[in-house]
Amino acid sequence: MFDVKKIRKDFKILNREVWDDKPLVYLDNAATTQKPNCVIDSIVNYYENYNANIHRGVHKLAEEATVAYENVREKVSRFINASDEDAVIFTRNATESMNLLAFCLGESLKEGDEVIISEMEHHANIIPWYLLRDRKKITVKFVPVTEKYELDYEALEKLITNKTKIVSITQKSNVLGTVNDIKKISKLAKLVDAIVIVDAAQSVPHMKVDFSNLGADFIVFSSHKMCGPTGVGVLVGKKELFEKMPPYMGGGEMIRKVTFEDFTCNDVPWKFEAGTPNIADVIAFGVAIDYLEKIGIEDIYEYEKELTLYALEKMKKFEFLKIYNPLLCHSRLDRESIKPLVLDSHPQSQLRTSFHGNDIGGSGLITFSNPVVHPHDIATIVDQYGVAIRAGHHCAQPLMKKLGVSSTCRASFYFYNTKEEIDIFINVLKKALEYFEIGACKNLKQVSGKG
Amino acid sequence: MGTAMVDKSTPQLDELYKEIILEHYRHPCGREPLERVDLEADGMNPLCGDEVKLGLQVKNNVIEKVHLEGHGCSISTASGSILADILKGKTLEEAKKYLTYVKETMHNKPHSIDVEEGDLEVLEGVKKFPVRIKCALLPWTTLEEAMAGHKHVEIS
(Lines give C-alpha, C1' and ligand atoms only; values in the text may rest on other atoms or scores of the structure.)
Protein backbone atom coordinates (compact mmCIF):
# COMPACT_ATOMS: atom_id res chain seq x y z
CA MET A 1 0.00 0.00 0.00
CA PHE A 2 1.43 3.35 -1.10
CA ASP A 3 1.12 5.70 1.85
CA VAL A 4 2.62 9.07 0.95
CA LYS A 5 2.00 10.55 4.42
CA LYS A 6 4.04 7.79 5.96
CA ILE A 7 6.71 8.09 3.28
CA ARG A 8 7.12 11.81 3.92
CA LYS A 9 8.12 11.06 7.50
CA ASP A 10 11.23 9.41 6.10
CA PHE A 11 12.46 12.78 4.79
CA LYS A 12 13.33 15.30 7.49
CA ILE A 13 13.89 18.04 4.93
CA LEU A 14 10.26 17.90 3.78
CA ASN A 15 9.25 19.39 7.13
CA ARG A 16 11.20 22.58 6.68
CA GLU A 17 9.80 25.94 5.83
CA VAL A 18 11.31 28.45 3.47
CA TRP A 19 11.11 32.26 3.46
CA ASP A 20 10.10 32.28 7.14
CA ASP A 21 6.83 30.42 7.09
CA LYS A 22 6.11 28.71 3.80
CA PRO A 23 6.17 24.92 3.85
CA LEU A 24 8.67 23.60 1.32
CA VAL A 25 7.10 22.24 -1.86
CA TYR A 26 10.04 20.59 -3.54
CA LEU A 27 9.37 20.10 -7.25
CA ASP A 28 12.92 20.01 -8.57
CA ASN A 29 13.43 16.29 -8.35
CA ALA A 30 14.79 15.89 -11.86
CA ALA A 31 17.73 18.01 -10.72
CA THR A 32 18.27 16.07 -7.51
CA THR A 33 16.00 14.23 -5.12
CA GLN A 34 15.86 14.55 -1.37
CA LYS A 35 17.50 11.93 0.81
CA PRO A 36 15.62 9.76 3.27
CA ASN A 37 16.83 9.67 6.86
CA CYS A 38 18.17 6.13 6.46
CA VAL A 39 20.57 7.29 3.73
CA ILE A 40 21.82 10.18 5.85
CA ASP A 41 22.17 7.89 8.87
CA SER A 42 24.20 5.46 6.80
CA ILE A 43 26.80 8.13 6.04
CA VAL A 44 27.09 9.05 9.72
CA ASN A 45 27.25 5.38 10.68
CA TYR A 46 30.09 4.74 8.25
CA TYR A 47 32.21 7.61 9.52
CA GLU A 48 31.40 6.89 13.16
CA ASN A 49 31.92 3.17 13.07
CA TYR A 50 33.89 1.68 10.21
CA ASN A 51 35.64 4.38 8.22
CA ALA A 52 38.62 2.79 6.49
CA ASN A 53 40.13 2.66 3.04
CA ILE A 54 38.88 -0.30 1.07
CA HIS A 55 40.62 -3.17 -0.71
CA ARG A 56 44.01 -2.52 0.86
CA GLY A 57 43.89 -2.91 4.61
CA VAL A 58 43.76 -6.30 6.27
CA HIS A 59 42.31 -4.94 9.50
CA LYS A 60 38.75 -5.31 10.68
CA LEU A 61 37.55 -1.84 9.69
CA ALA A 62 38.99 -2.17 6.19
CA GLU A 63 37.24 -5.49 5.79
CA GLU A 64 33.88 -4.12 6.92
CA ALA A 65 34.15 -1.09 4.64
CA THR A 66 35.25 -3.22 1.68
CA VAL A 67 32.38 -5.66 2.08
CA ALA A 68 29.84 -2.85 2.45
CA TYR A 69 31.20 -1.04 -0.63
CA GLU A 70 31.40 -4.13 -2.83
CA ASN A 71 27.90 -5.24 -1.84
CA VAL A 72 26.45 -2.15 -3.48
CA ARG A 73 27.53 -3.45 -6.89
CA GLU A 74 25.21 -6.39 -6.43
CA LYS A 75 22.37 -4.15 -5.30
CA VAL A 76 22.79 -1.95 -8.39
CA SER A 77 22.96 -4.97 -10.63
CA ARG A 78 19.78 -6.43 -9.15
CA PHE A 79 17.94 -3.09 -9.25
CA ILE A 80 18.32 -2.72 -13.00
CA ASN A 81 18.39 -6.45 -13.73
CA ALA A 82 21.92 -6.58 -15.10
CA SER A 83 23.41 -10.01 -15.74
CA ASP A 84 26.54 -11.80 -14.57
CA GLU A 85 28.19 -10.75 -17.80
CA ASP A 86 27.87 -7.11 -16.81
CA ALA A 87 30.15 -5.09 -14.58
CA VAL A 88 29.12 -2.25 -12.25
CA ILE A 89 31.56 0.66 -12.02
CA PHE A 90 31.25 3.61 -9.65
CA THR A 91 32.15 7.08 -10.85
CA ARG A 92 31.47 10.58 -9.54
CA ASN A 93 28.26 11.09 -11.48
CA ALA A 94 26.45 10.10 -14.67
CA THR A 95 28.42 12.77 -16.53
CA GLU A 96 31.70 11.13 -15.58
CA SER A 97 30.32 7.74 -16.62
CA MET A 98 29.50 9.16 -20.04
CA ASN A 99 32.90 10.84 -20.37
CA LEU A 100 34.60 7.59 -19.46
CA LEU A 101 32.72 5.80 -22.23
CA ALA A 102 33.34 8.50 -24.82
CA PHE A 103 37.02 8.59 -23.97
CA CYS A 104 37.69 4.85 -23.70
CA LEU A 105 35.42 3.64 -26.50
CA GLY A 106 36.55 6.56 -28.59
CA GLU A 107 40.13 5.33 -28.58
CA SER A 108 39.27 2.72 -31.21
CA LEU A 109 37.29 5.09 -33.45
CA LYS A 110 38.74 6.38 -36.68
CA GLU A 111 38.27 9.47 -38.81
CA GLY A 112 34.92 9.34 -40.56
CA ASP A 113 33.26 7.11 -37.96
CA GLU A 114 29.93 8.32 -36.66
CA VAL A 115 28.30 8.63 -33.25
CA ILE A 116 24.54 9.06 -33.14
CA ILE A 117 22.85 10.92 -30.30
CA SER A 118 19.49 12.69 -30.24
CA GLU A 119 18.16 16.24 -30.11
CA MET A 120 16.76 15.61 -26.65
CA GLU A 121 20.07 14.86 -24.97
CA HIS A 122 21.42 16.46 -21.82
CA HIS A 123 24.76 18.22 -22.34
CA ALA A 124 26.35 15.24 -20.55
CA ASN A 125 25.51 13.13 -23.59
CA ILE A 126 26.58 15.76 -26.12
CA ILE A 127 29.81 17.38 -24.98
CA PRO A 128 31.81 14.15 -24.40
CA TRP A 129 31.09 13.26 -28.04
CA TYR A 130 32.03 16.74 -29.24
CA LEU A 131 35.31 16.38 -27.37
CA LEU A 132 35.84 13.02 -29.04
CA ARG A 133 34.92 14.51 -32.40
CA ASP A 134 37.56 17.19 -32.00
CA ARG A 135 40.11 14.59 -30.97
CA LYS A 136 39.37 11.87 -33.50
CA LYS A 137 37.68 13.70 -36.41
CA ILE A 138 34.53 11.63 -36.11
CA THR A 139 31.04 12.94 -36.88
CA VAL A 140 28.25 13.42 -34.34
CA LYS A 141 24.73 13.08 -35.71
CA PHE A 142 21.43 13.93 -34.05
CA VAL A 143 18.19 11.98 -34.24
CA PRO A 144 15.46 14.62 -34.54
CA VAL A 145 12.62 15.11 -32.07
CA THR A 146 9.15 15.14 -33.62
CA GLU A 147 6.38 17.63 -32.98
CA LYS A 148 4.90 15.15 -30.54
CA TYR A 149 8.10 15.36 -28.50
CA GLU A 150 9.15 11.88 -29.48
CA LEU A 151 12.23 10.54 -31.21
CA ASP A 152 11.93 10.29 -34.96
CA TYR A 153 12.59 6.58 -35.33
CA GLU A 154 12.26 6.70 -39.09
CA ALA A 155 14.99 9.29 -39.24
CA LEU A 156 17.10 7.14 -36.93
CA GLU A 157 16.79 4.22 -39.32
CA LYS A 158 18.18 6.38 -42.08
CA LEU A 159 20.95 7.82 -39.91
CA ILE A 160 22.32 4.41 -38.99
CA THR A 161 24.87 3.24 -41.55
CA ASN A 162 28.03 1.17 -41.57
CA LYS A 163 29.85 4.28 -40.38
CA THR A 164 27.83 4.26 -37.14
CA LYS A 165 29.98 2.98 -34.29
CA ILE A 166 28.12 4.25 -31.23
CA VAL A 167 24.49 5.12 -30.57
CA SER A 168 24.05 6.98 -27.28
CA ILE A 169 20.50 7.96 -26.38
CA THR A 170 18.62 9.03 -23.28
CA GLN A 171 16.00 6.64 -22.00
CA LYS A 172 13.99 9.49 -20.54
CA SER A 173 14.37 13.14 -21.49
CA ASN A 174 15.09 15.46 -18.56
CA VAL A 175 13.09 18.19 -20.31
CA LEU A 176 10.22 16.44 -22.07
CA GLY A 177 9.88 13.35 -19.93
CA THR A 178 9.63 11.35 -23.14
CA VAL A 179 10.61 7.72 -22.69
CA ASN A 180 12.47 6.40 -25.69
CA ASP A 181 12.15 2.87 -27.02
CA ILE A 182 15.68 1.67 -26.28
CA LYS A 183 14.90 -1.87 -27.38
CA LYS A 184 13.98 -0.64 -30.83
CA ILE A 185 17.03 1.64 -30.95
CA SER A 186 19.31 -1.24 -29.94
CA LYS A 187 17.86 -3.49 -32.59
CA LEU A 188 18.57 -0.90 -35.27
CA ALA A 189 22.05 -0.19 -33.95
CA LYS A 190 22.94 -3.87 -33.76
CA LEU A 191 22.22 -4.27 -37.48
CA VAL A 192 25.52 -2.48 -38.00
CA ASP A 193 27.15 -3.76 -34.77
CA ALA A 194 27.20 -0.33 -33.20
CA ILE A 195 27.65 0.02 -29.45
CA VAL A 196 24.53 1.20 -27.64
CA ILE A 197 24.73 3.48 -24.59
CA VAL A 198 21.70 4.42 -22.51
CA ASP A 199 21.60 7.64 -20.50
CA ALA A 200 19.30 6.47 -17.74
CA ALA A 201 19.80 9.33 -15.27
CA GLN A 202 16.09 10.20 -15.46
CA SER A 203 14.67 6.72 -15.99
CA VAL A 204 16.24 4.43 -13.38
CA PRO A 205 14.98 6.60 -10.46
CA HIS A 206 11.40 6.63 -11.73
CA MET A 207 10.60 3.43 -13.61
CA LYS A 208 11.52 -0.21 -13.80
CA VAL A 209 14.55 -0.52 -16.04
CA ASP A 210 15.36 -4.02 -17.22
CA PHE A 211 18.88 -3.62 -18.58
CA SER A 212 19.23 -7.24 -19.72
CA ASN A 213 16.17 -6.80 -21.87
CA LEU A 214 17.16 -3.52 -23.55
CA GLY A 215 19.74 -4.94 -25.92
CA ALA A 216 22.11 -2.13 -24.94
CA ASP A 217 25.81 -2.40 -24.05
CA PHE A 218 26.14 0.32 -21.42
CA ILE A 219 23.88 2.25 -19.10
CA VAL A 220 24.74 5.28 -16.98
CA PHE A 221 22.88 6.94 -14.12
CA SER A 222 23.38 8.84 -10.90
CA SER A 223 22.83 8.12 -7.21
CA HIS A 224 21.67 11.59 -6.25
CA LYS A 225 18.64 11.53 -8.53
CA MET A 226 17.33 8.44 -6.73
CA CYS A 227 17.52 9.28 -3.03
CA GLY A 228 21.23 8.57 -2.79
CA PRO A 229 24.01 11.03 -2.00
CA THR A 230 25.75 13.24 -4.55
CA GLY A 231 29.17 12.19 -5.74
CA VAL A 232 28.26 8.69 -6.92
CA GLY A 233 27.68 7.86 -10.56
CA VAL A 234 27.02 4.45 -12.01
CA LEU A 235 28.27 2.83 -15.18
CA VAL A 236 27.07 -0.66 -15.99
CA GLY A 237 28.00 -2.55 -19.10
CA LYS A 238 29.32 -5.65 -20.75
CA LYS A 239 32.42 -6.95 -18.98
CA GLU A 240 33.78 -8.15 -22.28
CA LEU A 241 33.74 -4.63 -23.70
CA PHE A 242 35.21 -3.11 -20.54
CA GLU A 243 38.08 -5.58 -20.80
CA LYS A 244 38.90 -4.44 -24.32
CA MET A 245 38.75 -0.76 -23.41
CA PRO A 246 41.85 1.15 -22.31
CA PRO A 247 41.72 2.49 -18.73
CA TYR A 248 40.33 5.97 -18.10
CA MET A 249 42.40 7.29 -15.20
CA GLY A 250 45.62 5.90 -13.82
CA GLY A 251 46.59 5.49 -10.18
CA GLY A 252 46.06 3.26 -7.20
CA GLU A 253 43.53 0.45 -7.32
CA MET A 254 43.29 0.31 -11.12
CA ILE A 255 46.60 -1.55 -11.45
CA ARG A 256 47.69 -5.11 -10.89
CA LYS A 257 51.43 -4.64 -11.16
CA VAL A 258 53.66 -1.62 -11.55
CA THR A 259 57.37 -1.72 -12.39
CA PHE A 260 59.95 0.92 -13.25
CA GLU A 261 59.07 0.28 -16.87
CA ASP A 262 55.35 -0.37 -17.10
CA PHE A 263 52.09 -1.46 -15.48
CA THR A 264 49.31 -3.96 -15.97
CA CYS A 265 45.66 -3.19 -15.34
CA ASN A 266 43.52 -4.58 -12.58
CA ASP A 267 40.42 -6.60 -13.44
CA VAL A 268 37.12 -4.97 -14.35
CA PRO A 269 35.47 -3.15 -12.56
CA TRP A 270 38.45 -1.95 -10.47
CA LYS A 271 40.39 -1.15 -13.64
CA PHE A 272 38.07 1.86 -13.99
CA GLU A 273 38.09 2.98 -10.36
CA ALA A 274 41.46 4.67 -9.89
CA GLY A 275 42.13 6.16 -6.48
CA THR A 276 40.14 5.93 -3.28
CA PRO A 277 36.48 5.95 -4.27
CA ASN A 278 33.61 7.72 -2.55
CA ILE A 279 33.20 4.90 -0.04
CA ALA A 280 30.70 6.45 2.38
CA ASP A 281 28.40 7.67 -0.36
CA VAL A 282 28.50 4.46 -2.39
CA ILE A 283 27.46 2.57 0.74
CA ALA A 284 24.70 5.10 1.39
CA PHE A 285 23.61 4.73 -2.24
CA GLY A 286 23.12 1.04 -1.51
CA VAL A 287 20.82 2.04 1.35
CA ALA A 288 18.90 4.28 -1.07
CA ILE A 289 18.40 1.36 -3.43
CA ASP A 290 17.12 -0.78 -0.56
CA TYR A 291 14.75 2.02 0.35
CA LEU A 292 13.41 2.37 -3.21
CA GLU A 293 12.96 -1.38 -3.47
CA LYS A 294 11.01 -1.40 -0.24
CA ILE A 295 8.61 1.21 -1.63
CA GLY A 296 8.56 -0.50 -5.01
CA ILE A 297 9.68 1.09 -8.26
CA GLU A 298 6.48 0.05 -10.07
CA ASP A 299 4.35 1.75 -7.42
CA ILE A 300 6.58 4.82 -7.62
CA TYR A 301 6.01 4.94 -11.36
CA GLU A 302 2.23 4.62 -11.08
CA TYR A 303 2.00 7.22 -8.34
CA GLU A 304 4.14 9.74 -10.22
CA LYS A 305 2.05 9.25 -13.32
CA GLU A 306 -1.07 9.95 -11.29
CA LEU A 307 0.51 13.15 -9.95
CA THR A 308 1.63 14.20 -13.42
CA LEU A 309 -1.78 13.68 -15.00
CA TYR A 310 -3.38 15.51 -12.08
CA ALA A 311 -1.07 18.49 -12.66
CA LEU A 312 -1.46 18.42 -16.45
CA GLU A 313 -5.25 18.44 -16.21
CA LYS A 314 -4.98 21.67 -14.25
CA MET A 315 -2.15 23.23 -16.23
CA LYS A 316 -3.76 22.71 -19.62
CA LYS A 317 -6.50 25.10 -18.59
CA PHE A 318 -4.02 27.98 -18.28
CA GLU A 319 -4.08 30.50 -21.04
CA PHE A 320 -0.80 31.03 -22.83
CA LEU A 321 1.01 28.28 -21.03
CA LYS A 322 3.03 26.22 -23.44
CA ILE A 323 3.55 22.71 -22.11
CA TYR A 324 6.27 20.52 -23.56
CA ASN A 325 5.15 17.03 -22.69
CA PRO A 326 4.25 14.06 -24.88
CA LEU A 327 1.25 13.33 -22.67
CA LEU A 328 -0.30 16.58 -23.76
CA CYS A 329 0.11 17.02 -27.45
CA HIS A 330 -1.86 18.93 -29.95
CA SER A 331 -3.02 16.94 -32.88
CA ARG A 332 -1.35 17.97 -36.11
CA LEU A 333 -4.42 19.98 -37.03
CA ASP A 334 -4.35 21.94 -33.79
CA ARG A 335 -0.71 22.76 -34.27
CA GLU A 336 -1.08 24.24 -37.70
CA SER A 337 -3.71 26.63 -36.50
CA ILE A 338 -1.45 27.98 -33.80
CA LYS A 339 0.43 31.11 -34.66
CA PRO A 340 4.05 31.39 -33.65
CA LEU A 341 4.55 32.59 -30.10
CA VAL A 342 0.85 32.71 -29.44
CA LEU A 343 0.06 29.57 -27.60
CA ASP A 344 -3.39 28.84 -26.44
CA SER A 345 -4.77 26.86 -23.60
CA HIS A 346 -5.30 23.24 -24.41
CA PRO A 347 -9.04 22.73 -24.30
CA GLN A 348 -9.24 20.19 -27.09
CA SER A 349 -6.10 18.35 -26.15
CA GLN A 350 -6.66 14.92 -24.81
CA LEU A 351 -4.20 13.48 -22.41
CA ARG A 352 -2.72 10.44 -24.00
CA THR A 353 -0.69 7.91 -22.15
CA SER A 354 0.36 5.54 -24.86
CA PHE A 355 1.28 5.62 -28.48
CA HIS A 356 1.00 2.50 -30.60
CA GLY A 357 0.63 0.64 -27.33
CA ASN A 358 4.02 1.80 -26.03
CA ASP A 359 4.58 3.91 -22.96
CA ILE A 360 5.48 7.35 -24.26
CA GLY A 361 6.68 8.68 -20.92
CA GLY A 362 5.99 12.26 -19.97
CA SER A 363 5.50 11.17 -16.41
CA GLY A 364 7.26 12.75 -13.45
CA LEU A 365 8.10 16.11 -14.97
CA ILE A 366 6.34 18.97 -16.70
CA THR A 367 8.27 21.56 -18.65
CA PHE A 368 6.46 24.75 -19.59
CA SER A 369 6.87 28.35 -20.61
CA ASN A 370 4.91 31.50 -21.18
CA PRO A 371 5.66 33.82 -24.09
CA VAL A 372 5.60 36.90 -21.89
CA VAL A 373 6.79 35.96 -18.43
CA HIS A 374 10.39 34.81 -18.33
CA PRO A 375 11.03 31.40 -16.69
CA HIS A 376 13.36 32.97 -14.15
CA ASP A 377 10.67 35.36 -13.04
CA ILE A 378 8.15 32.55 -12.72
CA ALA A 379 10.60 30.48 -10.68
CA THR A 380 11.52 33.40 -8.41
CA ILE A 381 7.90 34.18 -7.68
CA VAL A 382 6.77 30.62 -6.98
CA ASP A 383 9.85 30.21 -4.78
CA GLN A 384 8.60 33.06 -2.66
CA TYR A 385 5.65 30.85 -1.84
CA GLY A 386 7.85 27.89 -0.97
CA VAL A 387 7.63 26.10 -4.32
CA ALA A 388 10.99 24.99 -5.73
CA ILE A 389 10.96 24.51 -9.48
CA ARG A 390 13.74 24.77 -12.02
CA ALA A 391 14.11 27.52 -14.58
CA GLY A 392 16.74 27.59 -17.28
CA HIS A 393 17.94 25.50 -20.19
CA HIS A 394 18.15 22.29 -18.14
CA CYS A 395 21.56 21.51 -19.65
CA ALA A 396 19.85 20.91 -22.96
CA GLN A 397 20.50 24.04 -25.01
CA PRO A 398 20.14 22.33 -28.41
CA LEU A 399 16.71 21.03 -27.41
CA MET A 400 15.73 24.51 -26.18
CA LYS A 401 16.67 25.83 -29.59
CA LYS A 402 14.52 23.18 -31.21
CA LEU A 403 11.63 24.16 -28.96
CA GLY A 404 12.18 27.78 -29.96
CA VAL A 405 12.96 29.10 -26.48
CA SER A 406 16.12 29.95 -24.59
CA SER A 407 14.81 28.60 -21.33
CA THR A 408 11.77 27.01 -19.72
CA CYS A 409 10.39 26.15 -16.30
CA ARG A 410 10.25 22.59 -15.11
CA ALA A 411 8.31 21.08 -12.24
CA SER A 412 9.47 17.56 -11.49
CA PHE A 413 7.97 15.12 -9.04
CA TYR A 414 9.01 12.22 -6.91
CA PHE A 415 7.04 9.72 -4.88
CA TYR A 416 7.02 11.91 -1.78
CA ASN A 417 5.14 14.74 -3.49
CA THR A 418 1.41 15.07 -2.94
CA LYS A 419 -1.64 16.32 -4.80
CA GLU A 420 -1.95 19.04 -2.14
CA GLU A 421 1.52 20.23 -3.12
CA ILE A 422 0.48 20.31 -6.76
CA ASP A 423 -2.54 22.41 -5.80
CA ILE A 424 -0.20 24.87 -4.09
CA PHE A 425 2.07 24.89 -7.14
CA ILE A 426 -0.85 25.53 -9.49
CA ASN A 427 -2.11 28.37 -7.32
CA VAL A 428 1.20 30.14 -7.08
CA LEU A 429 1.86 29.58 -10.78
CA LYS A 430 -1.37 31.37 -11.49
CA LYS A 431 -0.24 34.14 -9.18
CA ALA A 432 3.16 34.37 -10.85
CA LEU A 433 1.63 34.68 -14.30
CA GLU A 434 -0.84 37.26 -13.10
CA TYR A 435 1.93 39.25 -11.46
CA PHE A 436 3.35 40.14 -14.84
CA GLU A 437 1.36 39.27 -17.79
CA ILE A 438 -2.24 40.39 -17.56
CA GLY A 439 -1.92 43.28 -19.99
CA ALA A 440 0.76 41.75 -22.15
CA CYS A 441 -1.05 38.49 -22.82
CA LYS A 442 -4.28 40.22 -23.62
CA ASN A 443 -2.41 42.14 -26.31
CA LEU A 444 -1.02 38.93 -27.73
CA LYS A 445 -4.43 37.46 -27.80
CA GLN A 446 -5.74 40.36 -29.83
CA VAL A 447 -2.85 40.08 -32.27
CA SER A 448 -3.60 36.44 -32.86
CA GLY A 449 -7.24 37.22 -33.47
CA LYS A 450 -8.22 34.55 -31.00
CA GLY A 451 -9.46 36.77 -28.21
CA MET B 1 -1.28 23.51 3.54
CA GLY B 2 -3.90 24.38 0.99
CA THR B 3 -4.50 27.61 -0.79
CA ALA B 4 -4.49 29.85 2.26
CA MET B 5 -0.72 30.24 2.22
CA VAL B 6 -0.82 31.75 -1.23
CA ASP B 7 -2.33 34.92 0.13
CA LYS B 8 0.39 35.53 2.67
CA SER B 9 2.38 38.56 1.73
CA THR B 10 5.92 38.32 0.46
CA PRO B 11 7.71 41.57 1.15
CA GLN B 12 10.81 40.24 -0.63
CA LEU B 13 8.94 39.94 -3.92
CA ASP B 14 7.82 43.53 -3.88
CA GLU B 15 11.37 44.52 -3.17
CA LEU B 16 12.65 42.64 -6.20
CA TYR B 17 9.89 43.52 -8.56
CA LYS B 18 9.54 47.18 -7.75
CA GLU B 19 7.04 49.02 -9.91
CA ILE B 20 9.86 50.83 -11.70
CA ILE B 21 11.41 47.50 -12.67
CA LEU B 22 8.11 46.22 -14.00
CA GLU B 23 7.61 49.46 -15.88
CA HIS B 24 11.03 49.19 -17.54
CA TYR B 25 10.29 45.53 -18.30
CA ARG B 26 6.99 46.34 -19.96
CA HIS B 27 8.30 49.32 -21.90
CA PRO B 28 12.07 48.95 -22.17
CA CYS B 29 14.26 51.81 -23.39
CA GLY B 30 16.91 51.31 -26.03
CA ARG B 31 14.94 49.17 -28.45
CA GLU B 32 15.15 51.49 -31.44
CA PRO B 33 17.87 50.61 -33.95
CA LEU B 34 20.96 52.83 -34.16
CA GLU B 35 21.87 54.84 -37.20
CA ARG B 36 25.45 53.74 -36.75
CA VAL B 37 26.94 51.02 -34.53
CA ASP B 38 30.30 52.15 -33.22
CA LEU B 39 30.80 49.67 -30.43
CA GLU B 40 28.93 46.44 -29.81
CA ALA B 41 29.08 43.18 -27.90
CA ASP B 42 27.03 40.05 -27.31
CA GLY B 43 26.43 38.89 -23.79
CA MET B 44 25.20 35.60 -22.51
CA ASN B 45 24.08 34.35 -19.15
CA PRO B 46 25.05 30.67 -19.30
CA LEU B 47 22.90 30.03 -16.25
CA CYS B 48 19.66 30.51 -18.12
CA GLY B 49 20.72 30.83 -21.75
CA ASP B 50 19.63 34.45 -21.94
CA GLU B 51 21.35 36.48 -24.62
CA VAL B 52 21.68 40.19 -25.10
CA LYS B 53 23.14 42.27 -27.91
CA LEU B 54 24.28 45.77 -27.01
CA GLY B 55 25.29 48.46 -29.46
CA LEU B 56 26.54 52.00 -28.84
CA GLN B 57 26.42 54.99 -31.13
CA VAL B 58 29.31 57.20 -30.04
CA LYS B 59 30.39 60.60 -31.27
CA ASN B 60 33.23 62.66 -29.81
CA ASN B 61 33.43 60.30 -26.86
CA VAL B 62 29.73 60.80 -26.07
CA ILE B 63 27.21 57.96 -26.19
CA GLU B 64 24.46 59.28 -28.41
CA LYS B 65 22.32 56.20 -28.18
CA VAL B 66 22.28 52.70 -26.74
CA HIS B 67 20.61 49.80 -28.48
CA LEU B 68 19.70 46.53 -26.80
CA GLU B 69 18.10 43.43 -28.18
CA GLY B 70 17.60 39.86 -27.07
CA HIS B 71 15.39 38.10 -24.64
CA GLY B 72 15.80 38.20 -20.94
CA CYS B 73 13.96 38.05 -17.69
CA SER B 74 12.36 41.08 -16.14
CA ILE B 75 15.48 41.86 -14.12
CA SER B 76 17.95 41.78 -16.99
CA THR B 77 15.53 43.56 -19.30
CA ALA B 78 14.86 46.30 -16.75
CA SER B 79 18.55 46.62 -15.93
CA GLY B 80 19.31 47.01 -19.65
CA SER B 81 16.53 49.51 -20.04
CA ILE B 82 17.85 51.61 -17.16
CA LEU B 83 21.32 51.38 -18.69
CA ALA B 84 20.08 52.64 -22.05
CA ASP B 85 18.14 55.43 -20.41
CA ILE B 86 20.90 56.62 -18.10
CA LEU B 87 23.87 56.42 -20.47
CA LYS B 88 22.29 58.32 -23.31
CA GLY B 89 24.28 61.54 -23.63
CA LYS B 90 26.99 60.45 -21.18
CA THR B 91 30.67 60.24 -22.07
CA LEU B 92 32.43 56.88 -22.20
CA GLU B 93 34.28 57.84 -19.00
CA GLU B 94 31.01 58.51 -17.26
CA ALA B 95 29.66 55.21 -18.55
CA LYS B 96 32.65 53.47 -16.96
CA LYS B 97 31.85 55.15 -13.66
CA TYR B 98 28.28 53.89 -13.85
CA LEU B 99 29.55 50.42 -14.66
CA THR B 100 31.80 50.46 -11.59
CA TYR B 101 28.96 51.78 -9.50
CA VAL B 102 26.52 49.05 -10.58
CA LYS B 103 29.09 46.31 -10.04
CA GLU B 104 29.82 47.64 -6.56
CA THR B 105 26.13 47.72 -5.79
CA MET B 106 25.59 44.16 -6.97
CA HIS B 107 28.63 42.78 -5.20
CA ASN B 108 27.61 44.59 -2.04
CA LYS B 109 30.78 46.64 -1.90
CA PRO B 110 31.01 50.20 -0.59
CA HIS B 111 30.82 52.71 -3.41
CA SER B 112 34.19 54.16 -4.44
CA ILE B 113 32.53 56.77 -6.63
CA ASP B 114 29.37 58.75 -6.71
CA VAL B 115 26.94 58.88 -9.61
CA GLU B 116 23.47 60.18 -10.07
CA GLU B 117 21.54 57.03 -9.37
CA GLY B 118 18.17 57.70 -10.92
CA ASP B 119 16.31 54.42 -11.52
CA LEU B 120 19.46 52.44 -10.73
CA GLU B 121 18.39 52.61 -7.13
CA VAL B 122 15.74 49.95 -7.72
CA LEU B 123 18.37 47.37 -8.58
CA GLU B 124 19.32 47.37 -4.88
CA GLY B 125 16.43 44.99 -4.28
CA VAL B 126 18.05 42.36 -6.48
CA LYS B 127 20.86 41.87 -3.95
CA LYS B 128 18.54 39.90 -1.71
CA PHE B 129 18.19 37.35 -4.51
CA PRO B 130 21.77 36.22 -5.09
CA VAL B 131 20.85 33.96 -8.01
CA ARG B 132 19.38 36.92 -9.84
CA ILE B 133 22.42 39.21 -9.52
CA LYS B 134 23.79 37.85 -12.79
CA CYS B 135 20.56 38.80 -14.52
CA ALA B 136 20.97 42.41 -13.39
CA LEU B 137 24.65 42.48 -14.33
CA LEU B 138 24.33 40.97 -17.82
CA PRO B 139 23.68 44.21 -19.74
CA TRP B 140 26.42 45.98 -17.77
CA THR B 141 29.10 43.35 -18.36
CA THR B 142 28.10 43.39 -22.01
CA LEU B 143 28.55 47.16 -21.98
CA GLU B 144 31.98 46.67 -20.47
CA GLU B 145 32.94 44.35 -23.30
CA ALA B 146 31.50 46.67 -25.91
CA MET B 147 33.55 49.55 -24.52
CA ALA B 148 36.64 47.33 -24.46
CA GLY B 149 36.03 46.50 -28.09
CA HIS B 150 35.32 42.83 -27.41
CA LYS B 151 32.64 41.08 -29.35
CA HIS B 152 31.41 38.39 -27.04
CA VAL B 153 31.08 37.95 -23.31
CA GLU B 154 29.89 35.22 -21.00
CA ILE B 155 29.42 36.17 -17.41
CA SER B 156 30.62 33.59 -15.00
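1. The secondary structure of chain B consists of five helices and four strands, where helices (H or I, at least four residues) and strands (E, at least two) are DSSP runs numbered from the N terminus. Read from the N terminus, the elements of chain B follow the order α-α-β-β-β-α-α-α-β. This is a predicted model, in which local features need pLDDT of at least 70 and side-chain atom pairs count only at pLDDT 80 or more, while totals for chains, interfaces and linings use all residues. Residues are numbered from 1 along each chain as its sequence is written, and chains are lettered from A and ligands numbered from 1 in the order in which they are written.

2. Chain B has 156 residues, of which 38% count as buried; a residue is buried if 20 or more other C-beta atoms, placed from the backbone, lie within 10 Å of its own. Among the contacts in chain B with a separation of 6 or more, 62% come from residues 24 or more positions apart, a contact being a pair of residues whose C-beta atoms, placed from the backbone, lie within 7 Å.

3. In chain A, helix H3 (residues 60-79) and helix H9 (residues 279-295) have axes that come within 9 Å and cross at roughly 40°, the axes being lines fitted to C-alpha atoms over the stretch in contact, with angles from 0 to 180 degrees between N-to-C directions. H3(A) and H9(A) are therefore oblique to each other, since angles under 35 degrees count as roughly parallel, over 145 as roughly antiparallel, 65 to 115 as roughly perpendicular and the rest as oblique. The crossing of H3(A) with H9(A) is left-handed, meaning that the near helix is turned anticlockwise from the far one by less than a right angle.

4. The residues of H3(A) that meet H9(A) include A:Ala65, A:Tyr69, A:Val72 and A:Phe79, and those on the H9(A) side include A:Ile279, A:Phe285, A:Gly286 and A:Glu293. The residues of this contact divide into eleven nonpolar, two polar and three charged, with Ala, Val, Leu, Ile, Met, Phe, Trp, Tyr, Cys and Pro counted as nonpolar, Asp, Glu, Lys and Arg as charged, and the others, Gly among them, as polar.

5. The backbone deserves a check at A:Pro269, where the peptide bond from A:Val268 is cis, with omega near 10°. A:Pro269 is found in the loop between strand E12 (263-265) and H9 of chain A.

6. A:Tyr149, in the loop between strand E6 (139-143) and helix H6 (153-159) of chain A, is a residue other than glycine with a positive phi, near 60°, and A:Tyr149 is buried, with 26 other C-beta atoms within 10 Å.

Conventions
Buried ≥ 20, exposed ≤ 12 C-beta atoms within 10 Å, placed from the backbone. Contact = placed C-beta atoms within 7 Å.
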